Amino acid sequence: MLELAGSIAALIGMLAAASPAPPPRTATASPRPAVFELRLAFREPGEGRRPYPCPDTTCRPPTAGDMLYVGDAVILSAADLSSVDLVLEGDDHGIELHVRPQAARSLGAATGDHIGQPIAIFVDGRLQSAPTLRDRMSDVVWLNGAYTDDELTGLARRLASELTANGQR
């Protein structure tokens, strides 16, 4: 499992600030689906990598002009998820992303040699965070951090709505 402590707090805070309020609930209205992607990120430029300004919560200490170089390949997207579980029990507050078996194998292969390097988290096409990968990822990805339960619930609902919209649930 991957723990993304403080970086997910910033991600969820950015989502709350950057995302428009959902339309009023009606029989036909639904929350705007989340576009979620993970990509490998690097500190140096290279082939197949695009430069992005380093999110404030990622580069420590942050300095003007810090850049991350993010690989073009998506290593995990919402389409690769089989389910999303919101966990709000005791000290465990987070989102469990359950990854489909084939995607889990690919994710494990991609992240196994990337430990200690940043992994880029994109939501709605924007780089939100790039925490350091602490362990190989595979069938369950755990997102957690210092955030409100409402922010956490909102992101989980958006991800779940994307699964439902794509016929994955």
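This is a predicted model: local features need pLDDT of at least 70, side-chain atom pairs count only at pLDDT 80 or more; totals for chains, interfaces and linings use all residues.

Student: How many aromatic pairs does the structure hold?

Tutor: It holds 1 aromatic pair. The partners are Tyr52 and Phe122, with ring centres 5.3 Å apart and planes at 75°, so it's an edge-to-face pair.

Student: Where do Tyr52 and Phe122 lie?

Tutor: Tyr52 is in strand S2, residues 49-53, and Phe122 is in strand S6, so the pair ties together parts that are 70 residues apart in sequence.

Student: And is Phe122 buried or exposed?

Tutor: Phe122 is buried, with a relative accessible area of 3%. Tyr52 has 24%, so it comes out as partly exposed.

Student: Switching topic: how many residues does the largest nonpolar core have?

Tutor: The largest nonpolar core has 27 residues, and Phe36 and Leu97 have the most contacts inside it. Elements giving two or more residues to this core include strands S1 (36-42), S3 (67-77) and S4 (81-89), along with helices H2 (101-112) and H3 (149-165).

Student: Which element gives the most to this core?

Tutor: H3 does, with 5 residues.

Student: And what is Phe36 in contact with?

Tutor: Leaving aside neighbours within four places in sequence, the contacts of Phe36 include Leu76, Leu97, Ile121, Leu143 and Leu159. Ser77 is on that list too.

Student: Tell me about Ser77. Why does Ser77 count as buried?

Tutor: Its relative accessible area is 17%, and buried means under 20%. Ser77 is in strand S3. Not counting residues up to four places away in sequence, Ser77 touches Phe36 and Glu37.

Student: Back to H3. How many residues has H3, and how far does H3 reach?

Tutor: H3 has 17 residues and reaches 24 Å from its first C-alpha to its last, close to the 24 Å expected at 1.5 Å a residue. The buried residues in H3 include Leu152, Leu155, Ala156, Leu159 and Leu163. Arg158 and Glu162 are buried as well.

Student: What comes just after H3?

Tutor: Gly167, which takes a positive phi of about 70°.

Student: Now the strands. How do S4 and S5 pair?

Tutor: They're antiparallel, over 8 bridges. For one, Val87 has Gly94 in S5 as its bridge partner. S4 and S5 form a hairpin with 2 residues between them, and Gly90 in the turn has a positive phi of about 55°.

Student: Which way do S5 and S8 run?

Tutor: Antiparallel, with 5 bridges joining S5 to S8. Ile95 has Leu143 in S8 as its bridge partner. S5 is mostly covered, too: 6 of its 8 residues are buried.

Student: Last one: where is Ala103?

Tutor: Ala103 is in helix H2. At 12% relative accessibility, Ala103 counts as buried. Ala103 and Ser82 are 21 residues apart along the chain, and their C-alpha atoms are separated by 10.0 Å.

Methods
Residues are numbered from 1 along each chain as its sequence is written. Side-chain values use heavy atoms; hydrogens and water are left out. A nonpolar core is a set of buried Ala, Val, Leu, Ile, Met, Phe, Trp, Tyr and Cys residues joined through side-chain atoms within 4.5 Å. Buried means under 20% relative accessible area, exposed over 50%, partly exposed in between (1.4 Å probe, protein chains only). Helices (H or I, at least four residues) and strands (E, at least two) are DSSP runs, numbered from the N terminus. Contact means heavy atoms within 4.5 Å. The expected span of a helix is 1.5 Å times one less than its number of residues. Rings of Phe, Tyr and Trp (its six-membered ring) pair if their centres lie within 6.5 Å; planes under 30 degrees apart count as stacked, over 60 as edge-to-face and the rest as tilted. Two strands pair if DSSP finds at least two bridges between them.
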